[in-house]
Amino acid sequence: MKKSFKSLTVIALGAGLLTLNACKEEVVEEPSVPICYLTQETYSDADGSDVSYYEYDSDDNLVLAVYDGDSTIFGYRNGRLVSANDKFTEATFIYGSGSTFPERINLKEGGIDYGFLIVETTNGNITKVEVHENDGTSGDLITEVSYITYDANGNIKSAQLDEWDEDLEEYITYLNIGNITTDDKTNPYSGSIAFFYLNNDNPLVLGVNNILTGDVTLAGTVLPYTSSYTYNDNDYPITSSTVFFIGSNTRTFTYNCK
């Protein structure tokens, strides 16, 4: 599948809350906090740089993402994301009654069904994701399952990825993430189903805040992950510097804040 949960397929939904204080018969609205919408992201490492661009509609829904010349177009109905299309994959988002997050994402390539994702959520956080594939021969097979836990603030505490082993005919734990620390600043990806779809293998999308450190256990080996950030006046990251076992990278972020 083009969209893979190989590294980790989770994003927590960071829903913004408007707090109202009552004083006798008056309702006083707290000062509004600006929301920053990510419009450009530059990723740089030893191999070079890549730039992603993002466009939004009048309702601040992400409608276009452009990366390395490839475009993903998002469609909405009644305020909910219902489709995503690029030159490889057509995705359809299926919601349960009254649900604000899709329970299933159907995937097609060249008009042919080739798999789907089943997503379970608790209190707005993704707690389990199943990757279903159909190779046209053996039928539906769950190839990967992710399990995620969160703290009381909606930040990820741990994650586990199990993969189906065809030889052993059982699920084997491929990846664990733990000992995670975060800042108290806003994760620019949080709260967007479109960013969940785009970044399902990117650990930077986890939780309502940004990850500072963590331990990644891969095939029995513990690999430390560390990041540092600078922020704008609205507490969104404008630069990041990350060190992981595959090397180091930097990112810069540009926003439209309003």
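The legends below walk through several close-up views of a predicted model.

Local features are described where pLDDT is at least 70, side-chain atom pairs count only at pLDDT 80 or more, and totals for chains, interfaces and linings use all residues. Residues are numbered from 1 along each chain as its sequence is written, and side-chain values use heavy atoms, with hydrogens and water left out.

**View 1. The whole chain, to get your bearings.** The chain has one helix and 18 strands; helices (H or I, at least four residues) and strands (E, at least two) are DSSP runs, numbered from the N terminus. Of its 258 residues, 40% count as buried, where buried means under 20% relative accessible area, exposed over 50% and partly exposed in between (1.4 Å probe, protein chains only). Among contacts in the chain with a separation of 6 or more, 40% come from residues 24 or more positions apart; a contact means heavy atoms within 4.5 Å.

View 2. A search of the whole structure finds eleven aromatic pairs. Rings of Phe, Tyr and Trp (its six-membered ring) pair if their centres lie within 6.5 Å; planes under 30 degrees apart count as stacked, over 60 as edge-to-face and the rest as tilted. One of the pairs is F74 with Y197, edge-to-face at 6.4 Å centre to centre and 90° between the planes. This pair links distant parts of the chain, with F74 in strand 6 (residues 70–77) and Y197 in helix 1 (residues 193–198), 123 residues apart. Both F74 and Y197 are buried. Y197 also meets F93: their ring centres are 5.6 Å apart and their planes are at 70°, so this pair is edge-to-face. Because F93 lies in strand 8 (residues 90–94) and Y197 in helix 1, the pair ties together parts that are 104 residues apart in sequence. Relative accessibility is 4% for F93, which counts as buried, and 2% for Y197.

**View 3. An aromatic cluster and two charges over rings.** Look here for Y54, Y189 and F195, which form one aromatic cluster. The charged end of R80 sits over the ring of Y95, 4.2 Å from its centre. Likewise, the charged end of K185 sits over the ring of Y231, 5.5 Å from its centre. A charge sits over a ring if NZ of Lys or CZ of Arg is within 6 Å of the ring centre and within 35 degrees of the ring normal.

View 4. Most residues other than glycine have a negative phi. What is the phi of N78? Its value is near 55°, which is positive in a residue other than glycine. N78 lies in the loop between strand 6 and strand 7 (80–85) and is exposed, with a relative accessible area of 79%. E169, not a glycine either, has a positive phi of about 55°. E169 is found in the loop between strand 13 (156–165) and strand 14 (170–182), and is exposed at 59% relative accessible area.

**View 5. E144, a buried glutamate.** E144 lies in strand 12 (residues 140–150). Its relative accessible area is 7%, so E144 is buried. E130 is 14 residues away along the chain, with 5.9 Å between the C-alpha atoms of E144 and E130.
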